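User: I am new to this structure. I would like a close look at a single part, with enough around it to find my way.

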Amino acid sequence: MSEPEPAGSLPEAAGQEKRLSNGGSPAKSKEDLDLAAVYVSDAQYNRNIFFDTSPQAVRLYLLYNHWVPQVLLYVFILVDLCLAIFEDPAVVPLPVWATMLVELICLSAFTTRLVHYAKVIPRDKFWKDPKNICIIVIVLLSLLDMMIYGALKATDHNAVRWSRVLRPLLLVNVTEGRQLRRAFRSIRNALPQIFLVFLLFIFSVLMFSLMALKLFVKRDLKTTEGEPYFTHYLDIVFDLYVLVTTANSPDVMMPAYNANFFFAIFFFLYILVNTYIFMSVFLAVVYNSYKKYLKEEVRQLVRAKRHKMARAFAVLQERREEGAEPVVTRDCWNQLVRLVQSDISTAHRELLWSVSDDKNQGYIGKLAFVQLADLLNIQVITMKSRPHPLQTLCPALYLSPPSRLLCRVVQHRAFVIAFDLIILVNAVFIGLDEEDPVIGNSEWVFLALYMLEILLKLYAFEPRAFFSRHNFWNWFDTIIVISALIATIVNTAVESSLHYSPREILDIVFVLRVLRLIRVVDSIKRFRTIINTLIRIGPTILTFGQLIVVIYYIFAMVGMELFKGKVRYVESSDPQQTDCGNPLLKDSAFANRNYCKNNFNDVVSSFILLMELTVVNQWHVLSSGFTAVTHKSARLFFVLFHIVVVIIIINIFVAFVLEAFSVEYSVEKGDLQTSLEKKINELELAVAQEQQEENLVDSMETSDNDLGSGQSAKSKPALMFKIASKRYRTVDGLLQRMFEADLSPDDFAAEEDADTPNFSNPIFSSA
């Protein structure tokens, strides 16, 4: 990996190679190291911003990427979005001037952030970036809307805050929103293929609707509400569209089926064609489009990452002698790593260098240097073996044969299985009658066994190892058991003194008991694989959650303006007599089913209603209520929401989950790890087998982790290393590695110079 590479064209950058006539190289300045550190950090976190390379601009760029202004930015975005809670129609009403003042402060924060961004990139790049233009337009339109709304309210005229639908777009267009932009880009890329399938789907619905009209219009059939059945073409189209979602099945079929059972064949054919075939085709098209464009975006990202690393190499490169290939020395590399990741331990840094410079030359070439960003993204745990405190205090007792036997029993796999069985038995007792004294008192027995398990593990394992930040299940078990013990003691004390059990405490106890069952799942390998996959795609699920919030917010703002006050929740002793505050809903299915709280009277109620529409069960009844109080064209709002959220976004999310599990299982079976990861694993194995060279282990100091078991501490090296996960922590990291193998190792995207248009980062950071 450290062999010199062929010379190649390098991008122009400030502080490039400085050569001396005698072949030597001067020491790198602080400005050179800062610039190279910025390039490496951008590659590590998948940022692709063409910033000015002057020292002042680099310092501003470092400040721009600091976590404090980034957190403040999201705080202001959250405050801006939450203003809908206090604006008309409000959950908690506030004066107009108060909400506008807060919004003005938020807009000022967004403008300040944008000006800061403009200071670190060339002016022509700033104005060519669509994200910046979008933010400027949103801010200006928001200010214009505030002035118009304030003027109309001051003169007692009706006014609409139309700019509120633009607020979530700030979440998409800020520089840090590259993951969300990637999700929207996935939708945009899939739309052409989805549109063609959707046209065929609509054509099928229209054809079946026309057949239904001709079949049933002359038969004088009635619905269960006494309305004419399938007599208006547009109503038939809507009912059959709802049938695709199965929300009105079998209700929509029953009048025809009651008239003649042969009519059931019509509905079965319709469901087969449109529900099972077309909906499956939608998913297939989305999945195929997702994979196609994802692979291309990953290629683009890897090239951009290598391009950044090539720039860093160009800043730090030296020539050890005249005519030799450029390299980066060990001292320069160490200074760079300390700048990029200041909290990295000496042991970790030396381990990374041993991977890069596998020939112990004291310098590395371009190809090895480019791997630094990926090396820093692999979570390496440094373990320091320590003796158990009892071994230090009472060595004779702790190292005695009975003590050693006890430790071996606790560390054996059978010990874990035994307590998993105890947890399952406890689950059976939880499901039994708690009023039975035997069942009620058994909880004390199980709690005592759980406490004994924790104490035995603390005896067998070094306490700091047992409670290290990487041992999730130890923390989980301890917190659950102690919390359940405290809750049970409090419940028993209250029951003894007041002769009744508070429902709240009992609820806590029952929940804690059930949570204990989660640990059993981790004992089964296949279950553990599924859980690990879900954990890895957690950040991406949050990104799709942000996407849903953006769509919900837009539809909620539109829905509140269209339907606010049309439906109201009215307390009534007879649910069948309510009209939801609107006479038009009297005796309707919407009112009779007591759906009155499902309204657009405030942003919280709107979000709950949109969630119910996403589930699609009874969504036609929900839409019928708002159609009854407005116009039948209101159905378009609900159909559009169903198309955008259920057909497009949910299918893209399902496609992502399918790909996530496919990659997870393919990696497990095919071992698609790169040579870099394999090298790390080899070092881990060597340390585990105590074959690591002494100069690598003994010469390093660390305070990274205190891990190790008590009685086996003497048999271990002073330090040990392992990778926290055999696979990357996010599925996007796995996909990136999988597609990166298709690129040539010496492809540094040299053609992507500073004139290349900026593009949004298409990959969720795996760091």
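How many helices and strands are there in the protein chain? Then turn to the disulfide: which cysteines does it join, and are Cys580 and Cys596 buried or exposed?

Analyst: Start with the whole. This is a predicted model. The protein chain holds 33 helices and 4 strands. It has 767 residues, and 49% of them count as buried. Take the contacts with a separation of 6 or more: 76% of these are between residues 24 or more positions apart.

Now the part you asked about. The count of disulfides comes to 1. Its partners are Cys580 and Cys596, with 1.9 Å from S to S. That pair qualifies because the two sulfur atoms must lie within 2.5 Å. The link between Cys580 and Cys596 is left-handed, with -70 degrees about the S-S bond. The two cysteines are 16 residues apart and link distant parts of the chain. Cys580 sits in the loop between α26 (538-563) and α27 (589-592). Cys596 sits in the loop between α27 and α28 (603-615).

Both ends are buried. Cys580 has 0% relative accessibility, so it counts as buried. Cys596 also has a relative accessible area of 0%, so Cys596 is buried too. For contrast, look at Cys106. Cys106 is in no disulfide, and the nearest cysteine sulfur, that of Cys82, is 9.7 Å away. Yet Cys106 is at 1% relative accessibility, so Cys106 is buried as well. Cys394 has a relative accessible area of 36%, so Cys394 is partly exposed.

Helix α29 supplies the largest share, 7 residues.

Another spot to look at is Phe267. Phe267 lies in helix α11, which spans residues 263-316. Its relative accessible area is 1%, under the 20% cut-off, so Phe267 is buried. Phe267 has several contacts beyond four places in sequence. Among them are Phe216, Tyr229, Phe230, Leu240 and Leu243. Val252, Met253 and Ala256 are in contact with Phe267 too. Tyr257 is 10 residues from Phe267 in sequence, and their C-alpha atoms are 9.4 Å apart.

Tyr229 and Phe230 are both buried.

Val75 and Cys106 are 31 residues apart along the chain, while 9.2 Å separates their C-alpha atoms. Val75 is in helix α3 (residues 67-82). With a relative accessible area of 41%, Val75 falls between the 20% and 50% cut-offs, so Val75 is partly exposed.

The loop between α3 and α4 (96-120) holds Glu87. Glu87 is at 6% relative accessibility, so Glu87 counts as buried. Setting aside neighbours within four places in sequence, Glu87 is in contact with Thr99, Glu103, Arg161, Arg164 and Arg167. Arg113 is placed over the face of Tyr64, at 3.7 Å from the ring centre.

To return to your question: the disulfide joins Cys580 to Cys596. Cys580 is buried, and Cys596 is buried.

Conventions
Residues are numbered from 1 along each chain as its sequence is written. This is a predicted model: local features need pLDDT of at least 70, side-chain atom pairs count only at pLDDT 80 or more; totals for chains, interfaces and linings use all residues. Side-chain values use heavy atoms; hydrogens and water are left out. Buried means under 20% relative accessible area, exposed over 50%, partly exposed in between (1.4 Å probe, protein chains only). Contact means heavy atoms within 4.5 Å. A charge sits over a ring if NZ of Lys or CZ of Arg is within 6 Å of the ring centre and within 35 degrees of the ring normal.
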